[in-house]
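Welcome! Let us walk through this model together with a few questions and answers.

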Amino acid sequence: MKRYSAFAVAREAMRQHKGWDRAWAKRAPKKKYDVIIVGAGGHGLATAYYLGKNFGITNVAVLEKGWLGGGNTGRNTTIIRSNYLQDPSAAIYEKARSLYETMSQDLNYNVMFSPRGLIMLAQTQHEVRGYQRTAQANALQGVQTEWIGPQRVKELCPIMNISGPRYPVLGGLYQERGGTARHDAVAWGYARACSDMGMDIIQQCEVTGVRQQNGKVVGVDTSQGAIDCDKLGMVVAGHAGVMAKMAGFRLPIESVALQALVSEPIKPCMDVVVMANTVHGYMSQSDKGEMVIGGGTDGFNNYTQRGSFHHIEETVRALVETFPMISRLKMLRQWGGIVDVTGDRSPILSKTPVDGVFVNCGWGTGGFKAIPGSGWAMAELMAKGQSPLTDEFSMYRFREGKFIDESVAAGVAH
Amino acid sequence: MLTLHCPYCGVDADETDLHAGGEAHLKRASTGSSDDAFEDYLFMRENPKGVHFERWRHAYGCGKWFLAARCTATLQVFGTYRAQTHEPPQDIKDAISAQRPGWSWGNFR
Amino acid sequence: MSTRLTGMGRLINKGKAVEFSFNGKNLRGFEGDTLASALLANDQMLMGRSFKYHRPRGVVGAGAEEPNALVNLGEGGQFEPNQRATTTEVFDGLQAQSQNHWPSLEYDVGAINTAFARFLPAGFYYKMFMYPRAFWKHVYEPVIRKSAGLGRAPKDRDASTYEHFHAHVDVLVVGGGIAGLAAAHAAGEAGARVLLMEQTADWGGRAVVDAPMIDGIPAEDWVKNTVQAIENMSNVDMRLRCMGAGVYDHGYALGYERLTDHAPEIEGPRHRLWRIRAKQIITATGAIERPLSFAGNDIPGVTLAAAVRDYVVNYGVSMGDRTVVVTNNDDAYRTALVLKKAGLDIPAIIDARPDAEGPLIDEARALGIRVEQGKAIAKVKGGKRVKSVGICAQAGEGAVLEEIACDCVAMSGGWSPVVHLWSHCGGKLIWDADQVMFRPDHEKPPTGADGQPFVITAGTANGHLFTAEAVSDGWAAGRAAAKVAGHSKRGSQSPLGEDAEEGPISPVWLMPQGASHELRSKAWLDFQNDVKVSDVQLAAQEGFESVEHTKRYTTLGMATDQGKLSNINGLAILSQSLNADIPNVGTTTFRPPYTPISMGAITGAARDDLFLPVRKTPVSAWSNANGADNEPVGQWRRPYTYVREGESVHDAVNREVKNARENVGLLDASTLGKLIVKGPDAGKFLDLMYTNMTSTLPVGKCRYGLMCSENGFLMDDGVVVRMDDDTWLCHTTTGGAERIHAHMEDWLQCEWWDMQVYVANVTEQYAQIAVVGPKARKLLQKLGGDMDLSAEALPFMQWKAGRIGEFDARVFRISFSGELSYEVAVPAGQGAAFWDSLIAAGEEFGVMPYGTEALHIMRAEKGFIMIGDETDGTVIPQDLNLNWALSKKKEDYLGKRAHLRSHMADPNRWKLVGLETVDGSVLPDGAYAIATGENANGQRNTQGRVTSTYYSPTLDRGIAMGLVHKGPDRMGEVIEFNKVDGTTIAAKIVDPVFYDKEGAKQNV
């Protein structure tokens, strides 16, 4: 792999950039792999990467029915944070956040992780108590967050109206090392690194069946033929339910549409990420200058990657109330993704009823920020059969009544 | 922005007048049921990409719950019907079969 | 130079000059001008700077597709960035400023990026700025952010207002060109309710510029007649300056009407968002001309050919004195003809096709215009303005044959139908190789709720570029749409258009065909984002083969025009690089809106006080007039405390608690939910809803009830009252009324539909006031009435109906404070008067209102749980030692099965206890009790947490409740709670009832 650097760019500039290789190789599937990961989104590629990097397992194929990074990895609002309340969540999201800190250097690919700070606004007494509790929990979890008052909120984000007539800002939970990253680059960076380790990333390859013998996985049928494997990781987000059905089991998930939008680009005016859960909206400004805005999910199952306009309307209304200056900005583009939501809105990283099949899904609206942690944990689970990061996220927890509920701190898992 | 026909009051209601209530025709498992059955009832969902049966309440209208047969891939609505039934009426099933031959959902087909 | 022509300009009123300013310079235009045409008339060709290289940018189009001419418009509360000059109508006093440069438009330091362009190819930032790590946040990113962005960020509050319209129509027609007009006319004649919208200020679209004949008369006259005919139909609404912004599922569509942007003196909303339900939608949205890719095609003065003639015909403005036309199709010849006839110089028409023939070409030749066939532009020379073009053979590699001096280049790469609205909701496209365009695939239309198509595309948007077929297609679409909507009255005949014959277009994606890297790296695809042919080729070389990858890697099509000019050209370059056919590479997804729409319009009137409705109780007005410090609770705002002059909030709360404990306090409890549950099966039903027995409650009595979700978690609590044999009144928490009502309806309608039960939410029908304190009885007795409120006649946990004073009242002897307490419900209409009489009569007893915080403190002193504090959606009744409220007699109730699951039956769950700090201080909210060691993920182990914590004025010390591992078995033990500063605070585990453990005070 050719190393990326300013020097390399300068050298290539002298020869019309003819020397750049493919970022990831284009290969036909082999007959058999040790591990097949289905889904070349951020989570799938990260799983493959850490299988190779941490466990030396490189006879790996990542199968993708569309184009790499084309699902929710490339459709989210790029927020990274780990200020979760419950221990298992804080553990995996903080693992992810800490890996984001060094990801550009690890992958030799600039994913533009920008720890610009993130504030979750408290606009009711209930939220004040909820976020103070989260701050307390975070202190014990090794997650650096702090409760800040309304004046500090205003200092960090001067464009905010903290004294709106309906929901004045009472303070916020601030994570200084939360922020954003360039979402596509995360997928591309992992893909390049995986390819460099000799793994095969096979796009336009749709899995149509899971082959089993005596309750153990032996391979998959795909649009490019049958491929054998010893272990299979299903990392297909919104389509996890469809895929589980192929393997003969059901998952406690439902797929719904989540929408986002961006404004036209303007000069920098907002240096932090702000989430306002009472009014249902969150916003940050991309390096390009666009205000990146997200809101809530539809209440019904939907695979169209489109959503209903009234959600956009609610979100924009909430944000105009919170940031009055955006009223004269214009919405450039809105889009939707399919997110898979579990019974407690926390993810599943788990063994399954089929020996050798592992599932990673249910990230709901919180998937992007988890990518490296999820990949790290999933790789450990697949390689060793157990990981402290995934223990609590078993698909069997629902049967035991052992939920990981993040909504309790008024924090939706965006 | 979906429109669904409320089978009680006859209104073609906008999605904003409705409240989505998740999967329909769940069979309640109560005391005496196994852990498996209870988990199935509360959490396991069909979540199909295609024909689906789901609950809606005409929340900002007549207040009634009703059921809808809808395609989650195209958002086509095959029909809506009253909630007081354990399975979709035959005319709804026929309507689906006319559009999606060979469909199945849970034990319905 | 660009200038105003005499005797031309069908849209401008030369009798009315308007004054406006650009970058502080005062300029003059005419009524009817766009900002772009007015600037051009003043020879202001340079209008902006590009995003990445800060290249000089002039106008390239004349409409919604414009990527270059974006300005900051207005000042203060009227300021708006990124306004397209081509769609901004000038008015007196308009102030515009160009964007994205420093220090000035003419001399922009950022333009140095151009010099380094070769070091800044597609995706360069993914390959560098990685070291040292901290530099990204502190050095690289701030610099990149500053140079990126376009317009200025608004600072002031938006001074304009906005509104929403809702419309239900049979047929929505988007586009007021000849196809759209024909469609609206036909659908209107058929009897359908029609809404016709046109994004510009004028009807007729392109046809009025090109002036073909329709029904034997010039297009402009035909348009006038048709508009007149439609205006006379009462079933057709027409709107100008109203864009079809988006098409959504089930026939939902958005219109974006700009009401006062062109004339700020008009009173009323600035924008109006139309929310439309249409049975059928006709998209007659026209087509957009494509640029050609040749070196230097971004230099100001290089313009789309049709835009050049738009400026001449519509605004009487010439882009330059000497215009070279470059094309791969016949249509661009019209530009040459228009310019020539206007007396302007056309040094040459460069036609990439080697052997094109036809009447338009003949006419050009006949006018003496030099036509060069099989030729291309090798390179445009110029900096802030075109100076000349070098021409070469299209088939070659760019060797310049001749240099032609000119100050304008009119280019045409063919036309792309505007398929956005067709595609928003799933309509698919098909590649038309003959016409070199993607057009709607009629086999794969967007489908609606019934599974049938609901979008019909018409005219040029449907790939019919010629007048005759466009206008008849529009007519047919109108008839067809009306028919689907149930209207087919007979009408007039389909209009007949006439066209000049045109030869075939030839696909030309790069000029010249074999252009060198040097030329390709100066051939722009996306003018705003600075994406060049070489960038797309590099992306393909690096494996970004999907069109989505290429778009994202190069930022092609991600500018504010969303690729209206660049997408197809970029796609063609990509497919060439991949040796694939264009249809196999596919397009990116079209997403709403068609062009950007204001956030203000999306918000509508829902701002400030109208943002969200506030629910009020009959007592709210009094509270707000008497020092209420409100907190939002659900949709309500409840007084947190009533602050008196000179008091802090803390003082006020303590005063209120003390007064209620010593004298008498009043609480407005009207927000508590009140549900009437009635019917022969009401008792049976409530036994399933509540965990404890409800059916056995005697008439006249009250009982505390707990509700669990089917999943076992506590969801609500409240006092249940038996009113008569088959009627119960269920109190819920504030904000719980609607939720619990819906919950009950759900079970009644969907599971136990055979039960005869009726539930009514009467929350707002009653004002409910808690009269609390040792003097409560005296106060109520003073008001008189017909009820005996003595302890004997109305004991604790019983209720009565009757009169208190003049008021019809229900009196409940229930207490959430531990004091003698009456909750009195009166009809809502009498609530304010009742409150007033209590305040007046209570003066001698020291009556004071108290707020939610005093309520919370008093209940905590008594160890009463609060839904939302002690519970958070993960807590079950057993955790709160409420096993007594879990009926063992009942076979079933919601939550019973769930509690049997292993984790819920686990003896190691954290349980409710009281907590007293050793030093008497107040425990921090949400603090955790720490345990020894760490878990496998390196997190500190915990053994409990604080759920409620207050300063108790009654006990003058901190009190708290919390959930602690095996807490009730550990009374007296001291445990440590964390503080955010890293220190800890010690607290003793105690009984959660801190005050009046025997309940003597409430039961008197």
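Q: Which residues of chain C does UniProt give for the feature "domain: Aminomethyltransferase C-terminal"?
A: Keep in mind that this is a predicted model. The name of the feature comes from an unreviewed UniProt entry. Within this span of chain C, 56% is strand and 0% is helix, and its end C-alpha atoms lie 22 Å apart. UniProt places the feature at residues 911–996.

Q: How many residues of helix 25 of chain C are buried?
A: A residue counts as buried if 20 or more other C-beta atoms lie within 10 Å of its own. Helix 25 covers residues 852–861 of chain C and is mostly covered. Its buried residues include Leu855(C), Ile857(C) and Met858(C), along with charged ones such as Glu853(C) and Arg859(C). The number buried is 10 of 10.

Q: Against which helix of chain C do the buried residues of helix 25 pack?
A: Several strands of chain C are part of this packing, among them strand 34 (628–633), strand 35 (636–642) and strand 49 (940–952). Strand 36 (665–668) and strand 50 (957–965) of chain C also take part. The helix packed against is helix 20 (649–662) of chain C.

Q: Which residue with a positive phi follows helix 25 of chain C?
A: Helix 25 of chain C ends at residue 861. The phi of the residue in question is near 75°. That residue is Gly863(C).

Q: Which strands stand at the edges of the five-stranded open sheet of chain C?
A: The strands of this sheet are ordered 18-26-20-21-22, with parallel pairing. On average, neighbouring strands are turned by 20° against each other, direction ignored.

Q: Which residue of strand 22 of chain C is the bridge partner of Ile349(C)?
A: Strand 21 of chain C spans residues 349–351. It pairs with strand 22 of chain C in the parallel sense, over three bridges. The bridge partner of Ile349(C) is Val371(C).

Q: At about what angle does helix 9 of chain C run to strand 20 of chain C?
A: Helix 9 is made of residues 331–341 of chain C. It lies across strand 20 (323–327), strand 21 and strand 26 (408–412) of chain C. Its angle to strand 20 of chain C is about 165°.

Q: Which helix gives the most to the side of chain C that touches chain A?
A: The contact takes 91 residues from chain C and 86 residues from chain A. By class, the chain C side has 39 nonpolar, 27 polar and 25 charged residues. Six residues of this side come from the helix that gives the most, helix 4 (135–147) of chain C.

Q: Which residue of chain C stands opposite Lys330(A)?
A: Strand 16 (330–342) of chain A and strand 33 (597–598) of chain C run antiparallel and are joined by two bridges. In strand 33 of chain C, the residue opposite Lys330(A) is Ser598(C).

Q: What is the radius of gyration of chain B?
A: The elements of chain B run β-β-β-α-β-β-β-α from the N terminus on. For its 109 residues the globule rule gives 13 Å, and the value for chain B is close to that, so chain B is as compact as a globular protein of that length. The radius of gyration of chain B is 14 Å.

Note on methods:
Residues are numbered from 1 along each chain as its sequence is written. Chains are lettered from A and ligands numbered from 1 in the order in which they are written. This is a predicted model: local features need pLDDT of at least 70, side-chain atom pairs count only at pLDDT 80 or more; totals for chains, interfaces and linings use all residues. Two strands pair if DSSP finds at least two bridges between them. Helices (H or I, at least four residues) and strands (E, at least two) are DSSP runs, numbered from the N terminus. Axes are lines fitted to C-alpha atoms, for helices over the stretch in contact, and angles run from 0 to 180 degrees between N-to-C directions. Two residues are in contact if their C-beta atoms, placed from the backbone, lie within 7 Å. A residue is buried if 20 or more other C-beta atoms lie within 10 Å of its own, exposed if 12 or fewer, and partly exposed in between; C-beta atoms are placed from the backbone. UniProt positions are given in the numbering used here, feature names are shortened, and annotations may be inferred rather than shown by experiment. The radius of gyration is taken over C-alpha atoms; the globule rule is 2.2 Å times the number of residues to the power 0.38.
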